[in-house]
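Subject: Structure handover

Dear colleague,

Here is the structure you were waiting for. My notes come after it.

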Amino acid sequence: MVKTNKDETVKNKINKTHKINNISKINTWNYINNLIATQESIIFNTINTTINNYITKQPINTINNYINKQTINTINNYITKQTINTIKLIETTELTNIITLNIQLNMFKPYTIINLTIIPDLINIITAIINNVTNTDNNINKHIDATMNINNLNYLYLDETVIIPKTTCKQPRKYKRKKEQDLLICKVCGKKISKFNFAKHIKQYHNLDEYIKKYGEFRKSKQGRKSNNKISRITCKLCGKEYSSVGIATHLKDTHYMTTDEYIKKYGEYRPWKLKKLQKIETYKNNNTTGDRFTCLICNEPFYSDFALSHHIRTIHKMSKQDYLIKYYFKGNVPLCKCGCGNPVKVVDRYPYCNKFIKGHTLKGKNSPSYGMHHSLEVRKKMSAIRIKYIQSHKGIFTDTKPELEFKQWLEKYNIKYIHQYRTKYGLVDFYIPENDLYIEIDGEYWHPIIKENLNFQLISNFIGELNRAKLNNLIRLRTRNNLLNYILNNCKNISDLIKYSVTPNLNIKYNQVLITKEYLKDYIENTPLVAIKKRSEKLLVLIRLLWPEFKDLFNIMSTKETPNMIINSIRTYNFSKIISEKNKIFKNNCWAIGNTFLKQHHYSYWKSSYYNNTPEELYNDDDKLQKIIDYRIGINHLNDISKREVFDFSAKAIINGISAIRGSISFFKPLLASSIYDYFIDSKIKNPVVFDTCIGFSGRLIGFMSLYPNGVYYGCEPNIETFNETKEIIKLFGFNENNIHLYNCKVEDFDLSIIKNEHIDLTFTSIPYYNTETYSNDFISDYKNLDDWYNKFVKYIINNFDNVILNISNTIGNKLINDYKLSDDNIYYLQNNISHFKLDRTNNKKFEYILKF
């Protein structure tokens, strides 16, 4: 007997009774019975302690080994979250505690039988607990009798089965009793078997072929079956019996205990579909003239078609056909588009496994088969007439918008004849009124914004259409904004009344007006294939040609917020130490470009000057070169690293800047850089210096000097008459003292030196173009026979005839001057420039020119 108030005594007694290696089931059974009969109040602690002590002393591995997957699946299926929130079978102590608790609280109705393959001693203990706690419950007897056909409650440990409570209210599943007509009697053993499992029974306990031979066919599916399929008959080489090509695999498995592969390996291939495949492969090999292109390059298995090879790659090697071709057929090097764009073509499933061109790309120039061929004028006229006729007669699929439907109803209300979706050579028009010869467009706010800015590529296409249709005479545009169309239709009764409500969108684009933002372009480039981007870029070229057909049109809209006073004040207050590195004697040309845009806007001759025989005008008028500029500005230049691609807002300004970025224009000497050089080389004690500029150029050095020294004296020569006249106008715009500025329209060699004979020139500073690399005036270069002649007559003339000479010059001429004049390091300075954005290799993105002091 165990006393209620002595738990320790109970635990010690249990520990002594249940030893690890010698456990008495009878003692345990009797002991638990005594506990329940005498001390019901402490049953939880006693039973739990008994089981805990037993389990904790068993090796965990033993429990793990006995718990199989069937046990885990069964418990997962039957034990609900209400009973056990989290169950780990390794922690069998927790499971036992829950079982005991649920039994004691009478919470296991209805009962569920669960198979637990746990160590037998543990099962016996749990069985004893259940038996003694529930010996007064008659429901369990009924349940066990119905479910497991067990009459003896004292031995629940049958076939490793234990009762586990389930707290749901569902009743035990009632199985439908088999009908007598659904049962078949085995003529060998006499058992009644369901007709669905009868064949399985015969195969498992008897011989199927012998049973059918002796007692006849019992399978209804085989009895008198007729089929239109021509199934081949195969003779088994082991027993000589004949079977269908479908059933021989089952025969081999059931009778000879042999797999199909084992049979084929020993007796050869018998499957008709496989034999047919091998025959096709053999035929393909005999007639093949293109090599083994249907042979798998991974496992070398031959096939007779691309389809069979693709299926093999997909099912056996678990990879897509495209990945297979790129890795094994092309060896990682996908062919490039033959148009020369440098982009890889699309890989396809069928031979030759790739296209020659990217969609929309063709051979251009000399590589094109049509190069040099031209249609006659008569043929071109015929082609044009056919196309116009097609456009006017072709019926497309269009969806009317709500405003269009309202306007159509208005026309029908007043019996006005019209043609809806009328095609013209300038594009599609919403309505055409034949009687009045009027075209009418119904413009919504989204697709036809009044101000053309921050557009997307779809709206760019619409904008192009608007520019084309603007060429139509008698075009009326009606807006839908703020119910304006409803007001118009309610107040107009004929077509002539509509004219006064026509609103023409502003198709004039300003210089700084952003048509497409760089944020939109970045997002579009990251999520769109390159081919599609190129097509969009070509649309932008069409737009530019419509807006500004000639470069002069683009030049005329150039504008800037800079003013002469702003430029002058900015130069005077600028900290030149940001430009000059005295330690390295370097002047940095990547300084603020204040004044550049203003001067370029007033020097049209700048855009007519050539760099390597190409002027900005010529670049702009060349579609291929202008397309390259557009591609660069919207971020699809040819930099290999996408992260380094530069994207800019698309505008007229972006086109102008793009021309400069590709070195399509000659270099421009920044006023701020000129001021820093004047400030550095002119003695600070001289308040009103006198300087000479042998090549004025486009006023950069003039503005830089006069802004820094408003009372200084400037002499300069400019041989180009157009540039000369533009410079005089700029002097007036800046309000400089014209008496202190002396300009001469001549080459420096033709300048009369007696003019400055009595002047002390504090600094002679200019930037010399490299012979014919940059051409400012056609007459200027023609006076020299060659480079040496230019060097001797022009460069040396400046050094020999002027005082305090500072020359910004190219490295080639600079090295020659250093050798000829034996210049020391103290007289050698450098001008640091950035290289063009179009250079593919930009690892060293700096270049230097000389600034030499004589």
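Below is what was found, starting with the whole chain and moving on to single residues.

This is a predicted model, in which local features need pLDDT of at least 70 and side-chain atom pairs count only at pLDDT 80 or more, while totals for chains, interfaces and linings use all residues. Residues are numbered from 1 along each chain as its sequence is written, and side-chain values use heavy atoms, with hydrogens and water left out.

The whole chain

The protein chain has 35 helices and 21 strands. Helices (H or I, at least four residues) and strands (E, at least two) are DSSP runs, numbered from the N terminus. Of the 854 residues in the protein chain, 43% are buried; buried means under 20% relative accessible area, exposed over 50%, and partly exposed in between (1.4 Å probe, protein chains only). The protein chain exposes about 49200 Å², of which carbon and sulfur atoms supply 48%. These areas come from the Shrake-Rupley method with a 1.4 Å probe, and for residues only the protein chains shown count as cover. Among contacts between residues at least 6 apart in sequence, 65% join residues at least 24 apart, where contact means heavy atoms within 4.5 Å.

Two strands pair if DSSP finds at least two bridges between them.

Strand β9 (residues 438-443) runs parallel to β10 and is joined to it by five bridges. In this region, I442 stands opposite L478 in β10.

Covered elements

Strand β19 (residues 805-809) is largely enclosed by the rest of the structure, because five of its five residues are buried. Both faces of β19 are covered, with V805, L807 and I809 buried on one side and I806 and N808 buried on the other. Strand β17 (residues 763-767) pairs with β19 in the parallel sense over four bridges. The bridge partner of T764 in β19 is V805.

Helix α31 (residues 700-708) is mostly covered, with nine of its nine residues buried. The buried residues of α31 include R701, F705 and M706.

Aromatic rings

The structure holds 53 aromatic pairs. Rings of Phe, Tyr and Trp (its six-membered ring) pair if their centres lie within 6.5 Å; planes under 30 degrees apart count as stacked, over 60 as edge-to-face and the rest as tilted.

F198 and Y211 form an edge-to-face pair, because their ring centres are 6.0 Å apart and their planes lie at 70°. This pair links distant parts of the chain, with F198 in helix α9 (residues 198-205) and Y211 in helix α10 (residues 208-215), 13 residues apart. F198 is buried, at a relative accessible area of 2%, and Y211 is buried at 5% relative accessibility. Y744 and F751 are also edge-to-face, with ring centres 5.1 Å apart and planes at 65°. F751 is buried, with a relative accessible area of 4%.

F551, F555, Y604, Y606, W607, Y620, F668 and F698 form one aromatic cluster. R545 lies over the face of Y620, at 5.2 Å from the ring centre. R633 lies over the face of F648, at 3.8 Å from the ring centre. A charge sits over a ring if NZ of Lys or CZ of Arg is within 6 Å of the ring centre and within 35 degrees of the ring normal.

Two single residues

H201 is in helix α9 and is buried at 7% relative accessibility. Not counting residues up to four places away in sequence, H201 touches C186, C189, I193 and H206.

T615 lies in the loop between β13 (610-611) and α27 (616-621). T615 is buried, with a relative accessible area of 9%. Leaving aside neighbours within four places in sequence, T615 is in contact with W607, K608, S609, S610 and G664.

Regards
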